[in-house]
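Here is a short briefing to read alongside the sequence and the model. Please keep both in view as you go.

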Amino acid sequence: MSDIHLINHMETCVEDMIGVIMDSMNICKCEQCRMDIMAHALNRLPPKYVATRRGTMFTKLAAMHAQFDVDIITAISNAANLVGRQPRHEHDEHH
């Protein structure tokens, strides 16, 4: 069995940034809303797949992250605004 894995680096970038963006907004921060925001943002961002060995980090990944920061912030912010206006739950149950 191979120890090389295919990952969508864009998903890693969104995961790294979503907490900071959500914390700066007055929206529900429950897991349902967080995952809805991630899904919405990732569906609007281009996937960036890389093949990597388990446990190996490449400096190229860090450079890719910086290159896409503006697009990622915009996609997460837009998704957070949408989910914040139309959460898939009652607000008072998840705050």
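Helices (H or I, at least four residues) and strands (E, at least two) are DSSP runs, numbered from the N terminus. On that basis, the elements of the protein chain follow the order β-α-α-β-α-α from the N terminus on, with 4 helices and 2 strands. This is a predicted model, in which local features need pLDDT of at least 70 and side-chain atom pairs count only at pLDDT 80 or more, while totals for chains, interfaces and linings use all residues. Residues are numbered from 1 along each chain as its sequence is written, and side-chain values use heavy atoms, with hydrogens and water left out.

**The chain as a whole**

- Of the 95 residues in the protein chain, 36% are buried (under 20% relative accessible area, 1.4 Å probe, protein chains only).
- Among contacts (heavy atoms within 4.5 Å) with a separation of 6 or more, 82% join residues 24 or more positions apart.
- The protein chain exposes about 6,300 Å² (Shrake-Rupley method, 1.4 Å probe), and carbon and sulfur atoms supply 53% of that area.

**Where H1 meets H2**

- Helix H1 (residues 9-23) packs against helix H2 (residues 31-42) at an angle of about 130 degrees, their axes 10 Å apart; axes are lines fitted to C-alpha atoms over the stretch in contact, and angles run from 0 to 180 degrees between N-to-C directions.
- H1 and H2 are therefore oblique to each other, a class left over once angles under 35, over 145 and 65 to 115 degrees are set aside.
- From H1, Met 10, Glu 11, Val 14, Glu 15, Ile 18 and Met 22 meet Arg 34, Ile 37, Met 38 and Leu 42 in H2.
- By class, this contact of H1 with H2 has 7 nonpolar, no polar and 3 charged residues (Ala, Val, Leu, Ile, Met, Phe, Trp, Tyr, Cys and Pro count as nonpolar, Asp, Glu, Lys and Arg as charged, and the others, Gly among them, as polar).

How values were computed. Buried means under 20% relative accessible area, exposed over 50%, partly exposed in between (1.4 Å probe, protein chains only).
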